[in-house]
Amino acid sequence: MEMDSKKFLSGFINSMKDTLKIGNRTIVGIDVGLSAIKIAQIEGNKESNEFKLLSYASIPLPEGAIIEDEIQNEEEIIDALNKGLAKIKSPTDLVCLGVSGPNTVVRRLQLAGGTVEEIEDQVIWEAEQYLPFEIEESSVSFHIMGENEGGGVDVLVAAAKNTVLEQYKAIMEKAGLRIKIIDLGIISVINVFELCMGDKLDEPGQSFLVVDLGAQKTEFIIYKNNMIVFSKEIAVGGIMITEEIQRQMGVNYYEAEDLKITGDENGNLPEEILEIIDDVIEAFFSEIKKTIDFYVSSTSDESLVACYVTGGSSLIPGIIEGLEALLGVDVGVLNPFDGIGYNEKKFTEQEISEIAYRGVTVLGLAMREL
Ligand SMILES: Nc1ncnc2c1ncn2[C@@H]1O[C@H](COP(=O)(O)OP(=O)(O)OP(=O)(O)O)[C@@H](O)[C@H]1O
Ligand SMILES: [Mg+2]
């Protein structure tokens, strides 16, 4: 291994070193999703494990502003960022940004171990094997989670393609922001999950499935023995329902989103919409099942005890029941407010409910310490 290849390790925003640490420095969390940009600020203290939501903004993005985390329309993103920033009145320009999508990877590796130098070499070697993009064009970082039963070490590795990181950096700068930390979206969901679950996660040998059901993608984490043991992202999400409504009902994207979410004037979803939803979620379930089957067959882990979902698409009618039937375990919605407080005078009930479903990623980002 050439020493030179270590340069990939220095590139990635040295965030993974303390990925699972959370704290009380002022930083703004920003999550750019397909449906909206979400911005949050949290004050908190790792020692007392008390966190409080200070401000939150979710600015809807126009159709097609981003596709698979590649920004298609910079102006629209900058505009939404500025609107969100004006709303939260941030006292800082320092950002913890979440990235995800096909140009990012998070993976647990079981390595031989040794000195940090040796582990670095092993990380690069392994990363070259499984990255879906060239290591020369990407930034890799890792976090040593601890020794494993085999006498080696467990390492959490995150990688992202440089083009994606550079594009985000440029956009944030145009909005007057400085990226201080980059994290993978699903890892920040796990920050919130750990906070909310507390010592319920200490039971050895129990696996938990955490699923973020978004607009364009679904992300999975299997969490076991206080660590991430498996992670996978699939290109299945709520937009598939929106697109099917558009196609079958001859309406545009915004009308279709509205039909899907608010229903008719009485707030009921019309029969046609429910039928479309049922058809599309069958496809969801079959993809989700493939992912879980893959995990079980490759690890023989049969210890799944519960599943927690988050993301706007966990509001799809029938999704929770369907997942329960599919997985054979209890499925619940991850409620970030089990672990994070807020001022009831500052947020409406509707805002809190919206944040509870759609804001978990950005809350996890905002919890990070500088
Ligand atoms: N009440 C609802 N019923 C069904 N779907 C809903 C509801 N509310 C929101 N959604 C869907 O949730 C999705 C938005 O969720 P979320 O904000 O988690 O996605 P995102 O972070 O923008 O997307 P991604 O992470 O995939 O880039 C949209 O597809 C939206 O239509
Ligand atoms: Mg999302």
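Hi everyone, let's start with a pair of helices: the axes of α8 and α9 come within 11 Å and cross at roughly 35°. Axes here are lines fitted to C-alpha atoms, for helices over the stretch in contact, with angles from 0 to 180 degrees between N-to-C directions. α8 passes α9 in a right-handed crossing, that is, the near helix is turned clockwise from the far one by less than a right angle. On the α8 side the contact is made by Ile281, Phe285, Ile288, Lys289 and Ile292, and on the α9 side by Ile319, Gly322, Leu326 and Leu327. Contact means C-beta atoms, placed from the backbone, within 7 Å.

A quick word on the background. This is a predicted model, where local features need pLDDT of at least 70 and side-chain atom pairs count only at pLDDT 80 or more, while totals for chains, interfaces and linings use all residues. Residues are numbered from 1 along each chain as its sequence is written, and chains are lettered from A and ligands numbered from 1 in the order in which they are written. Helices are DSSP runs of H or I, at least four residues, and strands are runs of E, at least two, numbered from the N terminus.

Now, α8 itself. How far apart are its end C-alpha atoms? They are 42 Å apart, which agrees with the 42 Å that its 29 residues, 271-299, should span at 1.5 Å a residue; the expected span is 1.5 Å times one less than the number of residues. Its buried residues include Ile273, Ile276, Phe284 and Tyr295, where buried means 20 or more other C-beta atoms within 10 Å of a residue's own. The buried residues of α8 pack against β12, β13, α6, α7 and α9. After α8 comes Ser300, with a positive phi near 55°.

Next, α6 and α8. They pack at an angle of about 130°, with axes 10 Å apart, and are therefore oblique to each other.

Among the residues making the contact are Ile241 and Met249 of α6 and Tyr253 and Leu259 of α7.

Last, α3 has 15 residues, 116-130, and Gln122, Val123, Ile124 and Ala127 are buried there.

Technical notes. A residue is buried if 20 or more other C-beta atoms lie within 10 Å of its own, exposed if 12 or fewer, and partly exposed in between; C-beta atoms are placed from the backbone. Two residues are in contact if their C-beta atoms, placed from the backbone, lie within 7 Å. Angles under 35 degrees count as roughly parallel, over 145 as roughly antiparallel, 65 to 115 as roughly perpendicular and the rest as oblique.
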